[in-house]
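Subject: Model for your files

Hello,

Here is the structure I said I would pass on. My notes on it follow below.

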Amino acid sequence: TLHLFVDQVVENSHWNRERKVQITDSVFGCTRPHHPMLWDMMEECARRLYQLLESDPNGHRLHETDIQWATGSDVITSAYYASQGERTVLHPPGAYQRLQGQGR
């Protein structure tokens, strides 16, 4: 199981009806190595970076927003929805902070 601890869940019905939320500021961990969604996230990052580099054949510098799109929270959100939440637990905002407090 992949555990996604989310700091914020943003309702985003204004831009994508299939995705009810945007997963932001997340921390994730697995109960065992090689979870398929981790691989899906890496592949999605690589696909997006390739798309950015391919669209700029002159080698101009990438902007911070490009890097965020290619490696940020939308990658995790896309992988989560593509997997349909299979073997993934989406913990509500604040769950990670409560877990940290128990370990002290």
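Helices (H or I, at least four residues) and strands (E, at least two) are taken as DSSP runs and numbered from the N terminus. On that basis the order of elements in the protein chain, starting at the N terminus, is β-β-α-α-α-β-α. That gives 4 helices and 3 strands. Please keep in mind that this is a predicted model.

Two figures for the chain as a whole. It has 104 residues, of which 33% count as buried. Of the contacts between residues at least 6 apart in sequence, 65% join residues that are at least 24 apart.

Most of what I looked at concerns helix α3.

Covering of α3. This helix is mostly covered, with 8 of its 10 residues buried. The buried residues are S73, D74, V75, I76, T77, S78, A79 and Y80. After α3 comes Q84, which has a positive phi, near 55°.

α1 against α3. Helix α1 spans residues 36–54 and helix α3 spans residues 73–82; their axes come within 9 Å and cross at roughly 125°. Angles of 65 to 115 degrees count as roughly perpendicular and those over 145 as roughly antiparallel, so α1 and α3 are oblique to each other. The crossing of α1 past α3 is right-handed. On the α1 side the contact is made by M37, D40, M41, E44, C45 and R48, and on the α3 side by D74, V75, I76, S78, A79 and Y80. Sorted by class, the residues of this contact are 7 nonpolar, 1 polar and 4 charged.

α2 against α3. Helix α2 covers residues 64–71, and its axis and that of α3 come within 4 Å, crossing at roughly 25°. Angles under 35 degrees count as roughly parallel, and α2 and α3 are therefore roughly parallel to each other. Here Q68, W69, A70 and T71 of α2 meet S73, D74 and V75 of α3. The classes in this contact are 3 nonpolar, 3 polar and 1 charged.

A79. This residue is found in helix α3. Leaving out residues up to four places away in sequence, A79 touches M37, D40 and M41. A79 and W39 are 40 residues apart along the chain, and their C-alpha atoms are separated by 9.3 Å.

The aromatic pair. The count comes to 1 aromatic pair. It is formed by Y80 and Y81 and is edge-to-face, at 5.4 Å centre to centre with 80° between the planes. Y80 has 16% relative accessibility and therefore counts as buried. Y81, at 24% relative accessibility, counts as partly exposed.

H91. H91 and H3 are 88 residues apart in sequence, while their C-alpha atoms are 7.1 Å apart in space.

Regards

Terms used:
Residues are numbered from 1 along each chain as its sequence is written. This is a predicted model: local features need pLDDT of at least 70, side-chain atom pairs count only at pLDDT 80 or more; totals for chains, interfaces and linings use all residues. Side-chain values use heavy atoms; hydrogens and water are left out. Axes are lines fitted to C-alpha atoms, for helices over the stretch in contact, and angles run from 0 to 180 degrees between N-to-C directions. A crossing is left-handed if the near helix is turned anticlockwise from the far one by less than a right angle, and right-handed if clockwise. Contact means heavy atoms within 4.5 Å. Ala, Val, Leu, Ile, Met, Phe, Trp, Tyr, Cys and Pro count as nonpolar, Asp, Glu, Lys and Arg as charged, and the others, Gly among them, as polar. Rings of Phe, Tyr and Trp (its six-membered ring) pair if their centres lie within 6.5 Å; planes under 30 degrees apart count as stacked, over 60 as edge-to-face and the rest as tilted. Buried means under 20% relative accessible area, exposed over 50%, partly exposed in between (1.4 Å probe, protein chains only).
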